[in-house]
Each structure stands twice: as structure tokens, then as C-alpha cells.
Amino acid sequence: MTLDKPDHAAAPPGEPRPDDARLPFWPMVLLGIQHTLVMYAGAVVVPIVVGAALGLTAGQIADLVSIDLVLAGIGTLLQAGGVWKFGIRMPLVVGAASSGIAPMIAVGHSRGLPTVYGSLLVAGVVWVLAAPYFSMLLRLFPAVVTGTVITLIGLTLLPVGIRLVAGSDSSASDYGRLSHIALAAATIALMVVFRRFLRGLLGQLSILLALVIGAIAGWATGIGTLAHVEDGSIVGIIGPMHFGAPRFDIPSILLFLVIVFVLMVEGSGQGLAVGQVVGKPVGPEEITRLLRVDGLMTLCSGFCNGFVYTTFGQNIGLIAMTRVRSRYPVVVVGVLLIVCGVLRPVGRVAAAIPAPVIGAAAIMTFGALAVSGIQILARVDFERPANLTIVMVSLGVGLVPAFAPGCYRQLPEFAAVFLGSGVATGTLLAVALNAAFHPRLTNS
């Protein structure tokens, strides 16, 4: 099996690969903080949404956020650092998957949180065991498929950043508030200016600098507040099986297994995406190690009251922007996430960053990720109608959930959950259409 040649040349003999390069301590820490801030909102939104939907108290939601960050930090350490046969050893972060929100709420309402965690335990075991076999499907991902998937990931994530700026409820009276749009626009402008005029490490930290200045400006003008940072305990984390011993229910387990398949497809796309950006070949062994980490953290959630975990794509765009391809700043991210989970005030400060500022960073990094996919598609021969059809149909259908989130709500629950993931739908369409139009290449 062969994969497409990465965009970057291999390191000269005797020199470490860009992803294995060790950076000076403080630049590495600062870059790690930047990575953490980019993915932090996505990491904490799942426990907040799930907890609120299930009617949990503020203290219980804080507990969920705490354990979520700790598990995300451990997963990120495994993914970037690697232990035995776990971890892709590339600059990728791990966090709670938004795809897991719907089944957690549905099962939690009907059968309770212990059934949710029993289902997560079984799903995680299946995930780990299935990882080596799923990775064999990488031959189905030539440039036309890989480029489509990476572009789709970036475009699908863009609305997330936009909702952080404008709001999630278009019928609300404060939707699209001008002050929020102005703050986000100013933050983006700072990123552009810093990227254009700063050199060296400061240029690489352009997003972090803009985030800090944007947050201070937001707090000074009443957008966001630090008033509650000192509330509550300083150190805290809940123990195993806090909500009761796991219970097992076959229909609930099957629902979560659908999510597992969706996230395995998405995780494979993230692995291929970071390989293209970093310039390191990604094959079945790397994807297997990546998927094992996602499965292991989901398995641990069954005991530790966590969530469905997956490898995030947000930070791939940041790598493309900064061109710092070392995995060690992401190892720092793992440590920082654990600290944020254990030391409550640290996490509360990061959570207090105004949503428009986080949204501005998200828009920039997700846009960079989409551009990475477009660069791969630029190598595809679009004079062949088959390739045009693959990209056209896969992108068109894959973007439906991003622009019409409730489009599939009247379908059976299994179908609605699967089709509701635009990345998974678009990926499977691209793979199937490529196999139909290029059967010889697919089987080679």
C-alpha cells in the first residue's frame, strides 16, 4: 500500500524529523499554551452542554468539566508522546467529541448516566480491538479523497467558530451583537498584523498574542468576566464511578457503536491531515495507534465519568499557520489540560475568555485547515469528470449538517446520528465514489 507523498521534504540524514524536533523550553511552553487556547473551548463545550441538558447542578457540571480536561490531557500526552502501541506520536490533541452529545443526552434521559457509562465502556473496548483492522482501509484514501476530507473538516468546523462570535440561537435578541462582532474582527485583525510584521517566535505566537489582547479588551468592555474565577475549590477532581456503577443495555450500546464508527472515520482523516501538514507518511500502523488512544480514553470514561473521546482537528490548522511541526508543544498541551482539570481556578480563567475571541481564533485556524485540503486537491486531475464528481458530491452532502443541523431529525435515530456527522458522511461518500470510479486504483 502506498500513500500520497507529503507536501514537505524528509529531514536530512542524521537530523530529527520536524515532528520530532525538540524546541527550547520557553518557546515550547508558549506554543503549547497557544495550542491549548485554540482547542480549549471545544474541549469544555461537551460537558457543559451534556450536563445542562440532563439537568445536572452547577457543581456536577464543574465536576464533568474537570474530569473531561484530565482525560483529554492524558489522551493528548499519549497521542503526541506515545506509549507502547498507543499514540501516533505527532502533534495531535484529544478531546470530548461533539458527536457524542446526542446519544449521551438520549440515553441519559431514558436510562440514566450509569447506562451511558456502561455503553462508553463497551464502545471503548470495541474501538481499541477494531483499530488494527480499520487502519487497513487507508488504501481507500488517495489524494482526491484525502483532500476532500481535510477540506470538509475545515469547512465543517468553521460554523463552530462563527457561532462563538454571533451566538448559537439566531432568534435571540442579542444574536449577532455588534460589540461581539467588533471584538472578533479586531482579534482577527491583530492576528493578521502580528503574522505580517512579527518575526521568529513572536510571529509563530501571533494567535496567542491576539487572544490575550482580545480577552483583555473583552473583559474591559464588559464582554466576559473574571468575577467567578475565585469561586469554588482550588483543587478538585471526582473519583471513579461518581454517578454509580456502569450498567449495560444492548440498544444503548449499539447507538454508541454507531458513534464509534463515525469517529473512527473522522479520526483516520485527522491522522492523514496532520501527516500532510507535518510532512510525515501516515500508514496503517500510525492510524492504528491513533485510534487505540481514542478508544482507550473512551473506555476509561466508563469508569471515570468522562465522554466519547476523539482526536481533534482544530490544532492542525494552527500547525499549518505557524509551520511549527514539532509534537512537543502538544505534549505541553496534555500537561496543561491536566493542570486545568485539577486546579479549578486555572480552568475557570481559560473558560472566562470571551466567546468572540475564541471564535476569532477558531475561524482563522479552521480556515487554514480548509486551505490545507485545497492544496492537496490542487494536485488532483480535475480534467477527469470522475474526480470532479467525487469532490462535488462529497463536499455538497457532507456540508448539509453544518448548514442545516436538523435536516435528518425525522429519520430513525441510528440514521440521524450517522448522517448528522458531515465529516463521516462526506468521507464515506468520497471513498465509495472513488471505489466506483477508480476500482483498479482502489484495489492496487
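Helices are DSSP runs of H or I with at least four residues, numbered from the N terminus. The model is predicted, so local features need pLDDT of at least 70 and side-chain atom pairs count only at pLDDT 80 or more, while totals for chains, interfaces and linings use all residues. Residues are numbered from 1 along each chain as its sequence is written, and side-chain values use heavy atoms, without hydrogens and water.

Two helices were checked for length. The expected span is 1.5 Å times one less than the number of residues. Helix α10 covers residues 284-304, and its 21 residues should span 30 Å. Its end C-alpha atoms lie 30 Å apart, which agrees. Asn 305 follows α10 and has a positive phi, near 65°. Helix α18 covers residues 422-437, and its 16 residues should span 22 Å. Here too the distance between the end C-alpha atoms, 22 Å, agrees. Buried residues (under 20% relative accessible area, 1.4 Å probe, protein chains only) in α18 include Gly 422, Val 423, Ala 424, Leu 433 and Asn 434.

Points are joined across faces, edges and corners, and a volume is the space filled by probe spheres set on the points. Two cavities of 30 Å³ or more were found.

Aromatic pairs join rings of Phe, Tyr and Trp (its six-membered ring) with centres within 6.5 Å; planes under 30 degrees apart are stacked, over 60 edge-to-face and the rest tilted. The whole structure holds three such pairs. Phe 25 and Trp 26 are edge-to-face, because their ring centres are 5.0 Å apart and their planes stand at 80°. Both residues are exposed (over 50% relative accessible area). Trp 84 and Phe 86 form a tilted pair, with 6.3 Å between centres and 35° between planes. Trp 84 is exposed at 65% relative accessibility, whereas Phe 86 is buried at 16%.

How values were computed. Helices (H or I, at least four residues) and strands (E, at least two) are DSSP runs, numbered from the N terminus. On a 1 Å grid over the protein atoms alone, a cavity is a set of points where a 1.4 Å probe fits but cannot get out, and a pocket is an open set with protein on both sides within 12 Å along at least five of seven lines; lining residues have an atom within 4 Å of a point.
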